[in-house]
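Notebook open, structure loaded. I want to see how the inside is put together, then look for open space.

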Amino acid sequence: MDSTAKLDETSLSRLVDAFYARVRADAELGPIFNDAINDWSEHLNKLTAFWSSVMLTSGRYKGQPVPAHMKHRDRISPQLFERWLGLWNQTTQELMEPDAAHALQAKAARIAESLQLAMFFRLDSEPAPRPTHLTDLRQRNAFP
């Protein structure tokens with residue numbers, strides 16, 4: 001594949017196809033994705049629309065990534081996000097020109113972080129109760 005591919009609809013489609021071929025063959029990611037996706041052709045079109053919307057601001061994607069991933073929360077771990085990003089970085093590096101690869105990698109890292117926060121972030125303890133009146137605030141030295 002051309003290592004200097006420009007960032008456009010055609011190159012995004014090739015990238016998504018090549019990347020998810022690797023994901024499907026991956027020992028850890030493949031079983032999760034292959035169990036979750038019934039129609040790969042439809043899913044690849046949806047993912048191409050997603051990346052088109054994200055990178056080209058095309059507005060083609062009409063989905064909700066967080067609920068889609070939450071359905072599979074019991075099989076997904078933060079470590080699998082790192083594995084996914086590693087394959088993404090490798091594929092973008094091989095198929096895209098350096099500036100496009102870097103932009104795609106940075107965007108994917110932010111998306112992965114956002115998804116992980118939505119899926120896994122929990123407070124370890126209860127937050128401190130909020131003071132309900134002025135006396136509580138004075139007792140905590142928040143007011144003179």
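Which helices do the buried residues of helix 6 pack against? I looked them up, keeping in mind that this is a predicted model. They pack against helix 1, helix 3, helix 4 and helix 5.

**Helix 6.** I listed its buried residues: Ala100, Ala101, Leu104, Gln105, Ala108, Ala112, Leu115, Gln116 and Met119. I also checked the length of helix 6, which runs over 98-120. Its 23 residues at 1.5 Å a residue should span 33 Å, and the end C-alpha atoms are 32 Å apart, so that agrees.

**Leu104.** Leaving aside neighbours within four places in sequence, Leu104 touches Leu7, Leu12, Leu15, Trp51, Met55, Trp88, Thr92 and Met96.

**Core.** I went to the largest nonpolar core next and found 34 residues in it. Leu104 is among those with the most contacts inside this core, along with Tyr20, Val23, Trp51, Trp84 and Trp88. Helix 1 (9-25), helix 2, helix 3, helix 5 and helix 6 each give two or more residues to it.

Last stop was the largest pocket, which holds about 870 Å³ of space. I noted 30 lining residues, with Phe33, His43, Leu47, Ala68 and His69 the closest to its centre. By class, I have 20 nonpolar, 6 polar and 4 charged residues in that lining. Helix 3 (40-56) is among the helices that supply at least two lining residues, and with 6 residues helix 3 gives the most.

Methods
Residues numbered from 1 in each chain as written. Predicted model: local features only at pLDDT ≥ 70, side-chain atom pairs only at ≥ 80, totals over all residues. Heavy atoms only, no water. 1 Å grid on protein atoms, 1.4 Å probe; cavity = no way out; pocket = protein on both sides within 12 Å on 5 of 7 lines; lining within 4 Å. Points joined across faces, edges and corners; volume = space filled by probe spheres on them. Helix = DSSP H or I, 4+ residues; strand = E, 2+ residues; numbered from the N terminus. Nonpolar A, V, L, I, M, F, W, Y, C, P; charged D, E, K, R; others polar. Core = buried A, V, L, I, M, F, W, Y, C linked by side-chain atoms within 4.5 Å. Buried < 20%, exposed > 50% of the residue type's maximum accessible area, 1.4 Å probe, protein only. Contact = heavy atoms within 4.5 Å. Expected span 1.5 Å × (residues − 1).
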